[in-house]
There are 2 protein chains.
Amino acid sequence: MAAGSTHQVFTAAVLRAGCVSLFEKIGVPREDGELFTDACLDSELRGEQSHGVRLVPVHLARIKAGSIRPKPKVTVLLDRGACALFDAHLSLGQVVAARAMRLAIAKAREFGVGIVGVRNANAYASAKYYPLMAAKAGMIGINRGNTCPMMPPHGGATPIVGNNPISIAAPAGEEHPFVLDMACATAKEKIRQAAAEGRPIPPEWALGHDGTPTTDAEEALATGVLLPFGGYKAFGLAASHEVLTSVLFGGHLFCAGGGAFRPYETPYNGSQFFQAIDVEWFMPLPEFRERMDRMIRAIKAARLRPGVERVYVPGERGFLEMERRRREGIPVHSGTIADLRRWAGELGTEPIGGPASAT
Amino acid sequence: MAAGSTHQVFTAAVLRAGCVSLFEKIGVPREDGELFTDACLDSELRGEQSHGVRLVPVHLARIKAGSIRPKPKVTVLLDRGACALFDAHLSLGQVVAARAMRLAIAKAREFGVGIVGVRNANAYASAKYYPLMAAKAGMIGINRGNTCPMMPPHGGATPIVGNNPISIAAPAGEEHPFVLDMACATAKEKIRQAAAEGRPIPPEWALGHDGTPTTDAEEALATGVLLPFGGYKAFGLAASHEVLTSVLFGGHLFCAGGGAFRPYETPYNGSQFFQAIDVEWFMPLPEFRERMDRMIRAIKAARLRPGVERVYVPGERGFLEMERRRREGIPVHSGTIADLRRWAGELGTEPIGGPASAT
């Protein structure tokens, strides 16, 4: 990527040092800032900028505005048998989510399965980070979260339920781990791309101001009323995730309502579900890994549709991109770098260094 | 429904007596035949004929052909902590599924959550029957199953993964229980309807003989290659259900392959996942029920799209239909009644009585 483009390329190490010192300076314990940054860098390496270091300035702004607690405060409301429940008191979402998944993993070692719920949580992007912790521990990890309202029910025109993502990860053997990570709405990112390129969107993606489907990407972004992917089924799935998060864990239903883009001072009010299942209770881990490889290879061996070069299994593209970006560096949008440098100026930290490979 | 139509109307009690005696005569223990029949009648009452008593002659034929074991044989391979694993040895699917969910419920009482896996299972339609057992016990119930291959991966042309359904149920208070029950493919039933009416189908539903999307409903039924609803996301979901059933429980991957419509003598080779979460570990059940009511009412209070009369939450239509059919009787297709009467003749049982209300 050439210098002068709208992106600059950095190594993960350079980005990490810069981001971690920003968090430390604003009052986040060093290890928590490291965890947050590592979650962002994991997304960057997988090619998912929307969950990458662009979240760092957003979270610094939310900490400054008081809607995110920089020093974690977690009340353990339940810790018995295979279950636990945390009140996160709006601590940094990634920090509490990682703690919740660690406890779910420990419970799965003891009981075969563990569930940990979190209420009064902040966003924890990316959702797949925590199930992947379980996969690294030789377990299947599952997580669900609720988000701010953006989808109407089937036949409805007002957004009630969030895009409530689910992520499921499992370890494989020679193949990459299996990683499902999906929201229940049409991806807003795709609508943004269409708007940027002046393209219309399919009528199945969003509703316009009059409550009927729109093909105008700008109008879709203005209403923020996204439709569930594939019709009513994905709405039902999102609603089931609401049951398994806010309803079950005593959190705010639908993140207490409000729009999808809330001001920095408005708390997120989320609820999250973390589950680990210890594979070794059911079979030796090497056998499971071999079975995962067989499943993955069977999927990849499907006859291809005309014009298609290969089949990817869920998560595979991200792992391939990760290998490439570890070698070639991470392209970061210049606007994000400018934001990070502004924060370095405000907090008095070393600004993120010049492009590592942009010459 | 008038006499002379292609349907005849019966009470649930009349259908039950006829079906139970057929199962008893072919060698199924009486309580198992009752359970199978009750699961079918539950579907009939909810208006889902595809999972109703039409399955009785199909299962009698499979028992006769040897692919379903009439007297259950279940080997408990694991029963420790919050987990258990059954080998069902191709016993009647509904009987083993109900036993698995009962054990998951008992484990959830003890540990907060319980998971029971089944391998070498038969089909257990309808999937929602078992999560609803958990809901009746004041718990959240979850189940996943794998099925015979019918969906290609994104970009693929050959079916690899089944439509692998998921069902999630939770109790409410004054509202009906929440019941999600969805397969990951476009419903074959809708394609059958289109074929019967000579209508084309949308290109997102199925692939034709050349591996590209078809709008010909007959061709779609001939290939049996269904597409995941809403594109690649639902394929990923189906694959995650494969991980959480056949891979984890040591069952046959993809039900050992083969076509979606297998001969009566070919075993089903399925794997199934049953989970219960005891609500009372997280909050008093009455509080949970009240929270469920709040969630359901918020969804139903959405502003309606033009031309829409009301919003339904997942499962609600089935409960409303159930109230109606309990009063008015169950319309059963005349072909199904003829099949049942043929079996009564073969096995020497009393044929199902004349129409109860078809005058």
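## What lines the cavity

The residues around the largest cavity divide into 5 nonpolar, 2 polar and 1 charged. Here Ala, Val, Leu, Ile, Met, Phe, Trp, Tyr, Cys and Pro count as nonpolar, Asp, Glu, Lys and Arg as charged, and the others, Gly among them, as polar. This is a predicted model, in which local features need pLDDT of at least 70, side-chain atom pairs count only at pLDDT 80 or more, and totals for chains, interfaces and linings use all residues. Residues are numbered from 1 along each chain as its sequence is written, chains are lettered from A in the order in which they are written, and side-chain values use heavy atoms, leaving out hydrogens and water.

Which residues line the largest cavity? They are Gly18(B), Leu22(B), Leu340(B), Ala344(B), Thr349(B), Glu350(B), Pro351(B) and Ile352(B). Helix H1 (12-26) and helix H11 (334-347) of chain B each supply at least two of the lining residues; helices are DSSP runs (H or I, at least four residues), numbered from the N terminus. The volume is about 30 Å³. On a 1 Å grid over the protein atoms alone, a cavity is a set of points where a 1.4 Å probe fits but cannot get out, and lining residues have an atom within 4 Å of a point.

## Glu44 in chain A

Let's move to chain A. Glu44(A) lies in helix H2 (residues 30-45) and is buried, with a relative accessible area of 2%. Buried means under 20% relative accessible area, with a 1.4 Å probe and protein chains only.

Leaving aside neighbours within four places in sequence, Glu44(A) has contacts (heavy atoms within 4.5 Å) that include Arg54(A), Arg325(A) and Ile330(A). Glu44(A) and Ile330(A) are 286 residues apart in sequence, but 6.8 Å apart in space, C-alpha to C-alpha.

## Where the chains meet

The contact takes 80 residues from chain B and 80 residues from chain A. About 6600 Å² is buried between them, with carbon and sulfur atoms giving 74%; buried area is the accessible area (1.4 Å probe) that two parts lose on being put together, summed over both. Lys233(B), Phe282(B) and Arg305(B) supply 12% of the area that chain B buries against chain A, more than any other three residues.

Notes
On a 1 Å grid over the protein atoms alone, a cavity is a set of points where a 1.4 Å probe fits but cannot get out, and a pocket is an open set with protein on both sides within 12 Å along at least five of seven lines; lining residues have an atom within 4 Å of a point. Grid points are joined across faces, edges and corners, and a volume is the space filled by probe spheres set on the points. Buried means under 20% relative accessible area, exposed over 50%, partly exposed in between (1.4 Å probe, protein chains only).
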